[in-house]
Amino acid sequence: MSPEGAAPRRVMAVGPPGAGKTTLLAALGLVEGRVRKTEMVTFSPLSIDTPGELLDNPRLYHAILMNATKARVVLFLADGTRDSRYPPGLARSIRAPVLGVVTKSDEATAEGVRRAREVLLRAGAREVRRCSSVTGEGLREMKERIEELLEEGCSR
């Protein structure tokens, strides 16, 4: 149970279309069921999954910010195999800690990981991790870090 007035222990995933938001949430055990294209913001007891199209249109950024108020931790994802774009400093408008995640690290080149990391840091992620939902690389460590951030949020 969340302290009165605090956001539930939800983790929110934000990222461009195809970055692996739903797949990552499933790999972390935060959503159940079949992974499929997210057409609208989807809430579960442990997560908030957002459609990538929210990042495609600046007029929709408010939906990211509004839904982030219902999360304890926000994950900004960038696909290491292709270019991603975030508005610079987007994380400054989010109260919850923002963790950057470079996805598809099993397929990405070192240069692709570097570019994705830069984009996430410019967007305001406080730290950046890399992972692969396919091979499992980095998932255990990411789950542990998310749990630490969730616990910090409970003690505030």
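Modeller: Start with the buried residues of helix H4: Gly 112, Val 113, Ala 116, Val 119, Leu 120 and Ala 123. Buried means under 20% relative accessible area, exposed over 50%, and partly exposed in between, with a 1.4 Å probe and protein chains only. They cover an arc of only 125° around the axis, which puts them on the same side of H4. That arc is taken from the directions from the helix axis to the C-beta atoms.

A word on the source. This is a predicted model, where local features need pLDDT of at least 70, side-chain atom pairs count only at pLDDT 80 or more, and totals for chains, interfaces and linings use all residues. Residues are numbered from 1 along each chain as its sequence is written, and side-chain values use heavy atoms, leaving out hydrogens and water.

Helices (H or I, at least four residues) and strands (E, at least two) are DSSP runs, numbered from the N terminus. H4 covers residues 110-123, which is 14 residues. At 1.5 Å a residue it should span 20 Å, and its end C-alpha atoms are 20 Å apart, which agrees. The expected span is 1.5 Å times one less than the number of residues. Just after H4, Gly 124 takes a positive phi of about 110°.

What does the buried side of H4 meet? Its buried residues pack against strand S4 (73-79), strand S5 (98-103) and strand S6 (127-130). Contact means heavy atoms within 4.5 Å.

Those strands belong to an open, mixed sheet of 6 strands, in the order S2-S3-S1-S4-S5-S6. Two strands pair if DSSP finds at least two bridges between them. Strand S2 (42-43) and S6 stand at the edges, each with a single partner strand, so one side of each is left without a neighbour in the sheet.

Now the core. A nonpolar core is a set of buried Ala, Val, Leu, Ile, Met, Phe, Trp, Tyr and Cys residues joined through side-chain atoms within 4.5 Å. The largest one has 27 residues, and Leu 120 is among those that touch the most other members, as are Val 74 and Phe 76. H4 gives the most to this core, with 5 residues.

Look at Phe 76 next. Leaving aside neighbours within four places in sequence, its contacts include Leu 120 and Ala 123, as well as Val 14 and Tyr 86. Phe 76, in S4, is also the bridge partner of Val 14. Strand S1 (residues 11-14) and S4 pair in the parallel sense over 4 bridges.
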